[in-house]
Amino acid sequence: MRSLFRGLRPRLMAAFLLLTLLGAVAATGASYATARNLLLEDAQNGFMNPLVEQVRNYAPRLTVPPTQQDLDEFQSFLRSPAVVVFEGLRSRNGPDLGAVSAEMREALKSSRTVIWQRRTDSAEPYVVIGIPLLRPDGTSTGVEVWAWTSLGGPQRAIDSFATAAWVGVSLVLPLALGLALFTARGVLRPVRRLGAAARALGSGRLDTRVEERGSDELADLARTFNSAAEQLEASQAASRRFVADVSHELRTPLTAMNAVTAVLDEDAASLPEDTAVAARLVSAETRKLTRLVNDLMEISRFDEGGNLLELDEWDIGTAVRDSLAARGWTSSVEASLPDGITGRVDRRRLDVIVANLVGNALKHGGAPVRVAVRPGVIEVSDQGPGIPEDALPHIFDRFYKADTARSRSEGSGLGLAIAWENARLHGGTIEAANAPSGGAVFTLRLPW
Amino acid sequence: MVLLVEDDPSVREGLGLALRRQGHDVRAAGTGEEGVERLRESRPDIVVLDIMLPGIDGFETCRRMRMQAEVPIIMLTARGDDFDVVAGLEAGADDYVVKPVEPRVLEARIRAVLRRTVSEPSNVERHGSLMIDRAGLQVLKNDVKVSLTPTELKLLLELSRTPGRVLTRQQILEAVWEHDYLGDSRLVDACVQRLRAKIEDVPSEPRYVHTVRGFGYRFGPR
């Protein structure tokens, strides 16, 4: 949900909507105001100008101060419904003066021009016009002509214009929304692809690349990503190749040394004491070194993808029993190996996994070490101190040692990594955890 | 007598020393050509052949040796690469060990390959046009002697002991190669191919050694 509201997509959509709304309101508002003024002015002038003209034409005929009859005659001369007022008198015909505000009346007294006021205090807007009758010299005669007319027509025109504008905006909004979605997709799809690729790269799949389409900034980013991934892959390949080459170069001298370790062991008894110790040391370390180089070669083959799976149908319990027996572990391990659980596995690789997990438990865990076979699962547990929490995520790392005080273990430091790679080759996993009752539990899951 | 073909002097000396301590008479050669030459003059019981050799490599050396004699050959592969193993077995090697080799392992393999097939007091068996003489340890096809390496002979005797019964690769490995419980089943496949090339009329349509997919091999003339 979080990403739904805080992602780039909703932000883009909000921006597009806001922009559209603002643009529409600004454009509509401006044209609304202009059109309104024009229409109202037009209507007002259409009413006011002829009236002013008539008043001006009649002015010379009126005697000032006028009598009631003068006012009536004047009023009947005017073609629009108007009322003629002089101080306390008003023409008998014409509309009621109630619509004219006191301020307007006051204002007209000192005005030499026509004054008007638009009002909206009734159902329809209307304009009130006051025309002062002037003497030829421009001074006021005190005679006033008042008239008003409805502006309902133009107002309706304006209203329908506004409605049309709102309808237009509401039609454009979904369009803007669609455009926003489209743009967001155009931006987000590559971004999401890059994100997925970066995650893949981070999880170790260094051959991950993204499509470099187009020539925009996102395509640039994709190119940058790809070249970074390429360099990463090349440097990893180089370092792995180096390990493979070193191991390979070590093999020939090790073969020569290994060939004679048995001779050293056999003859050590007849050597002077110091020489015997030295001979046994060289012999033992040569064997360790051999194991290390063998494990390094094995890991290198996994890295190069040179290891193949030879799947066959095997009885898992029997396979595990054989693995334990071959290493003389039968008496030191409590095995629960039910018959009849079979699976398609590479037996040599399963043997390597079991040997490494059990060997690790015997070395670092506490007795009793238990091995249990269940459908799809082989579990190796011990009663030792368990694995420190901070070591759990790294337990399958190469040369990782949970106990830093132990400078060098008996194994190569690659046993668990090799077991893990073998499980992965099967399409399976190994999980390391601590049992609630204490001790480490390694769970091998194979899709057999 | 063991013929050791290995270009590295230290490995040659070390392995030579170890093999001599085990009671073998050891002749050594530094190149493939020299190895082929030595094979001709000294008729060893077994050849231990390195794959990485200057000049003609181990595979080619193996092929040339095979043309001369039915001597058992154990390959020393430097990489343990699947490619090396397969190519070595195709070139005619009986078995292989991976460097850096444990002398005990090499010794065990040599002993297994060298262990003579025991002749059994038995009648000559006839399977189709194939005659298997368990007493004289020879195989005739259409009354012509078939020249088999000791491993091929052991494989054929093992398979033909129970005609019609399927033997798994693992059973065959334990019986013929004396590998303990986890051998490389490709040894069996490669040896079966070589055996078929010698005893079948059409190796791709075998009459005697049948593949039972997913299980192993079955002997029986059809």
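**Notes on a predicted two-chain model**

1. Let's start with one pair of residues: Val212(B) sits opposite Gly216(B), which belongs to S12(B). Keep in mind that this is a predicted model. The strands S11(B) and S12(B), the latter covering residues 216–219 of chain B, pair in the antiparallel sense over four bridges.

2. Now the whole sheet. It is an open one in chain B, made of three strands in the order S10-S12-S11, with antiparallel pairing. Its edges are S10 (166–168) and S11 (209–212) of chain B, each of which pairs on one side only. On average, neighbouring strands here are turned by 35° against each other, direction ignored.

3. Where do the chains meet? 24 residues of chain A are in contact with 22 residues of chain B. On the chain A side, the elements giving two or more residues are helices H6 (217–268), H7 (273–303), H8 (316–326) and H9 (347–364). H6(A) gives the largest share, 13 residues. Sorted by class, that side of chain A has twelve nonpolar, six polar and six charged residues.

4. The largest nonpolar core has 105 residues, and Leu357(A), Ala419(A), Val47(B), Ile74(B) and Leu156(B) have the most contacts inside it. Apart from that one lies another core, of 21 residues, including Phe74(A) and Met104(A). As for Leu156(B), its partners include Ile132(B), Val139(B) and Leu195(B), leaving aside residues up to four places away in sequence.

5. Last, a stretch from the records: an unreviewed UniProt entry annotates residues 164–184 of chain A as "transmembrane region". In the model, this span is 100% helix and 0% strand, and its end C-alpha atoms lie 30 Å apart.

Terms used. Residues are numbered from 1 along each chain as its sequence is written. Chains are lettered from A and ligands numbered from 1 in the order in which they are written. This is a predicted model: local features need pLDDT of at least 70, side-chain atom pairs count only at pLDDT 80 or more; totals for chains, interfaces and linings use all residues. UniProt positions are given in the numbering used here, feature names are shortened, and annotations may be inferred rather than shown by experiment. Two residues are in contact if their C-beta atoms, placed from the backbone, lie within 7 Å. Ala, Val, Leu, Ile, Met, Phe, Trp, Tyr, Cys and Pro count as nonpolar, Asp, Glu, Lys and Arg as charged, and the others, Gly among them, as polar. A nonpolar core is a set of buried Ala, Val, Leu, Ile, Met, Phe, Trp, Tyr and Cys residues joined through C-beta atoms within 7 Å. A residue is buried if 20 or more other C-beta atoms lie within 10 Å of its own, exposed if 12 or fewer, and partly exposed in between; C-beta atoms are placed from the backbone. Two strands pair if DSSP finds at least two bridges between them. Axes are lines fitted to C-alpha atoms, for helices over the stretch in contact, and angles run from 0 to 180 degrees between N-to-C directions.
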